[in-house]
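Below is a short report on one protein model.

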Amino acid sequence: LLKVIPSSLQFSLSDKVATQDQASTMKSLAEQLKTQAGVDDVSYGQDWVKAYSSLVIGIRSAVGLLILAIGGAALFVISNVIRQSIHQRRDAIEVLELVGATASFIRKPFLKEGALLSLISGGLALGSSLMLFSWLQKSLANQLQFFQLASNIHFFSAGQSLMILGLSTVLGLFASYLCLRSLNDGWAASQRVNDRG
């Protein structure tokens with residue numbers, strides 16, 4: 001009976017192969033094996049791999065769009081907060097303009113405020129995301145183990161988290177700068193004249 005069953009070999013990819021290269025590597029390996037003598041058929045779940053690759057590409061595109069949307073929303077919110085802060089301190093800005101304060105002297109506190117707000121927001125977002133990730137990972141522990149996904153799903157590394165916080169801070173600085181371009185050119189005094197007129 002064992003003579004009727006054809007001999008078979010089973011291969012697995014090395015952990016050193018990058019995730020994005022696994023599909024192409026498997027396809028290339030399958031084509032090479034088909035040319036070997038004594039090989040009748042090579043199967044590596046071609047249809048499943050194609051569907052999985054399409055799913056990964058779709059998820060990456062969706063994540064990219066989500067990041068752009070969140071970045072735009074953050075830019076809008078921080079700009080509004082800084083703009084409101086500027087209007088609340090209009091009297092102090094007018095005094096500084098009248099005594100000849102430099103642009104950098106007037107703008108620095110607002111730039112620092114925007115950067116600090118973004119840094120705190122980024123930290124809170126990372127912390128809440130980590131808690132949600134841990135909760136989902138524990139809730140889906142059995143399913144992840146069944147599909148062998150647990151070893152491939154990780155939260156951001158320390159380096160990636162620092163990079164996210166850095167980008168968040170830069171975004172806050174940029175949003176603040178957009179609101180501060182008109183400062184130290186008589187903005188506060190002109191606003192007071194407009195209010196009186």
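Buried means under 20% relative accessible area, exposed over 50%, and partly exposed in between (1.4 Å probe, protein chains only). At 23% relative accessibility, Phe155 therefore counts as partly exposed. Phe156 is also partly exposed, with a relative accessible area of 42%. Ser85 is buried, at 5%.

This is a predicted model: local features need pLDDT of at least 70, side-chain atom pairs count only at pLDDT 80 or more, and totals for chains, interfaces and linings use all residues. Residues are numbered from 1 along each chain as its sequence is written, and side-chain values use heavy atoms, with hydrogens and water left out.

**Overall fold**

The protein has seven helices and zero strands. Helices (H or I, at least four residues) and strands (E, at least two) are DSSP runs, numbered from the N terminus. Of the 197 residues, 17% are buried. Contact means heavy atoms within 4.5 Å. Among contacts between residues at least 6 apart in sequence, 75% join residues at least 24 apart.

**Helices α3 and α4**

Helix α3 spans residues 90-98 and helix α4 residues 103-139. Their axes come within 10 Å and cross at roughly 155 degrees. That makes α3 roughly antiparallel to α4. Axes are lines fitted to C-alpha atoms, for helices over the stretch in contact, and angles run from 0 to 180 degrees between N-to-C directions. Angles under 35 degrees count as roughly parallel, over 145 as roughly antiparallel, 65 to 115 as roughly perpendicular and the rest as oblique.

On the α3 side, Ile93, Leu96 and Glu97 take part; they meet Phe105, Ile106 and Phe110 in α4. By class, this contact has five nonpolar, no polar and one charged residues. Ala, Val, Leu, Ile, Met, Phe, Trp, Tyr, Cys and Pro count as nonpolar, Asp, Glu, Lys and Arg as charged, and the others, Gly among them, as polar.

The largest nonpolar core has ten residues, including Ile93, Ile106 and Phe110. Helices α2 (46-88), α4 and α6 (158-180) each supply at least two of its residues. A nonpolar core is a set of buried Ala, Val, Leu, Ile, Met, Phe, Trp, Tyr and Cys residues joined through side-chain atoms within 4.5 Å.

Ser85 sits in helix α2. Leaving aside neighbours within four places in sequence, Ser85 contacts Phe110 and Glu113.

**Aromatic pairs**

The structure holds two aromatic pairs. Rings of Phe, Tyr and Trp (its six-membered ring) pair if their centres lie within 6.5 Å; planes under 30 degrees apart count as stacked, over 60 as edge-to-face and the rest as tilted.

| Pair | Centre distance | Plane angle | Class |
|---|---|---|---|
| Phe133 and Phe155 | 5.6 Å | 45 degrees | tilted |
| Phe155 and Phe156 | 5.2 Å | 65 degrees | edge-to-face |

Phe133 lies in helix α4 and Phe155 in the loop between α5 (141-146) and α6, so their pair ties together parts that are 22 residues apart in sequence. Phe133, Phe155 and Phe156 form one aromatic cluster.
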